[in-house]
Amino acid sequence: MEPKWSNTVCRRILSTGFTLFVVLGATQVSAIDIHAASEVIVQNGTTGVLRCTFKSNEVVSSGTSVTWSFQSSQPDNQFSKAPYVIYYFSNGKGFPGQDEFKDRVQFIGDINRRDVSIQLSPTQFSDNGTFFCDVKNPPDVKGTQARTELRVVLKESLPQTNTAIIIGAVTGALLVLVIIAVAVCFVIRVLHNRHDYEGCTSLESVSSQAPQPRKKAESVREGSRCTSPSGPLQVGAGGQRNPLAANISAGPVIYAQLDHSGSKNSFHKMEPVVYADIRKN
């Protein structure tokens with residue numbers, strides 16, 4: 001009895017586990033994620049694009065289907081009561097729905113890339129309302145359809161926010177580039193001028209310092225020249241004064257080497273030489 005009871009329990013446990021596994025696996029596989037823009041604003045009489053994409057764990061096949069529906073936001077419109085199918089896509093072919101959209105709706109997506117977008121051309125004020133995008137990719141058939149609110153307005157009523165932001169961003173970027181270029185040019189000019197100034201200063205300092213020894217030597221020569229007498233030189237030999245120098249004012253005394261013998265080996269003796277100025281009484 002015990003073996004039979006244990007076998008029955010094991011079978012029930014295995015059956016329950018298998019059932020849960022299949023249910024959970026089917027729940028995960030059947031999920032499909034659909035995305036669309038929440039709101040689209042277009043000008044009356046132009047082309048309106050309604051984007052819709054989906055994500056699926058299954059490979060896209062001929063069994064994949066797309067359904068676009070529309071419900072008008074105007075109470076007096078014929079499509080205001082409930083969503084009506086305006087376009088259906090399956091097996092690689094599209095089937096327009098209601099006559100109101102038959103000649104204006106066009107499939108522009110690529111289902112292999114999981115893009116199921118459509119466009120309306122031309123748009124009309126009667127298109128104001130909600131568009132629903134639903135995709136089935138068996139076995140991924142469970143998912144929430146995406147919704148897009150379409151607003152058809154006059155040209156004057158189009159929002160300028162995006163255009164203003166783009167223009168402002170481009171203008172700001174150009175202004176920043178101009179400011180950076182001006183700053184770089186200014187820095188380069190300042191550095192260049194500073195380099196030239198330092199070079200001139202160093203050259204001037206070298207040139208001002210180099211001639212100083214020459215000026216000193218010239219000053220000594222000029223001093224010696226200034227002390228030389230303007231009159232004839234009176235030299236007394238043997239250390240004796242010239243009697244004609246009685247009325248001559250004595251000048252400064254300097255020493256000179258006098259050679260008395262005239263020979264090459266003669267002894268040179270330093271004797272004083274007197275410079276005097278002869279003045280007339």
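**Entry 1: terms first.** I call a residue buried under 20% relative accessible area, exposed over 50%, and partly exposed in between (1.4 Å probe, protein chains only). The model is predicted, so I kept to its cut-offs: local features need pLDDT of at least 70, side-chain atom pairs count only at pLDDT 80 or more, and totals for chains, interfaces and linings use all residues. Residues are numbered from 1 along each chain as its sequence is written, and side-chain values use heavy atoms, with hydrogens and water left out.

**Entry 2: the cysteines.** I looked for disulfides, meaning pairs of cysteine sulfur atoms within 2.5 Å, and the count came to one. Cys 52 is joined to Cys 133, with S to S at 2.1 Å. The torsion about their S-S bond is about -85 degrees, so this disulfide is left-handed. Cys 52 sits in strand E4 (residues 52-55) and Cys 133 in strand E10 (residues 129-136), so the bond ties together parts 81 residues apart in sequence. Strands here are DSSP runs (E, at least two residues), numbered from the N terminus. I noted Cys 52 as buried at 1% relative accessibility; Cys 133 is buried too, at 1%. Cys 185, at 51%, is exposed.

**Entry 3: a sheet.** Which order do the three strands take? I read E3-E9-E8, an open sheet with antiparallel pairing (two strands pair if DSSP finds at least two bridges between them). E3 (48-50) and E8 (105-107) are the edges with a single partner strand each, so one side of each has no neighbour in the sheet. Three bridges join E3 to E9 (residues 118-120), and Val 49 has Gln 119 as its bridge partner in E9.

Definitions and conventions:
Helices (H or I, at least four residues) and strands (E, at least two) are DSSP runs, numbered from the N terminus.
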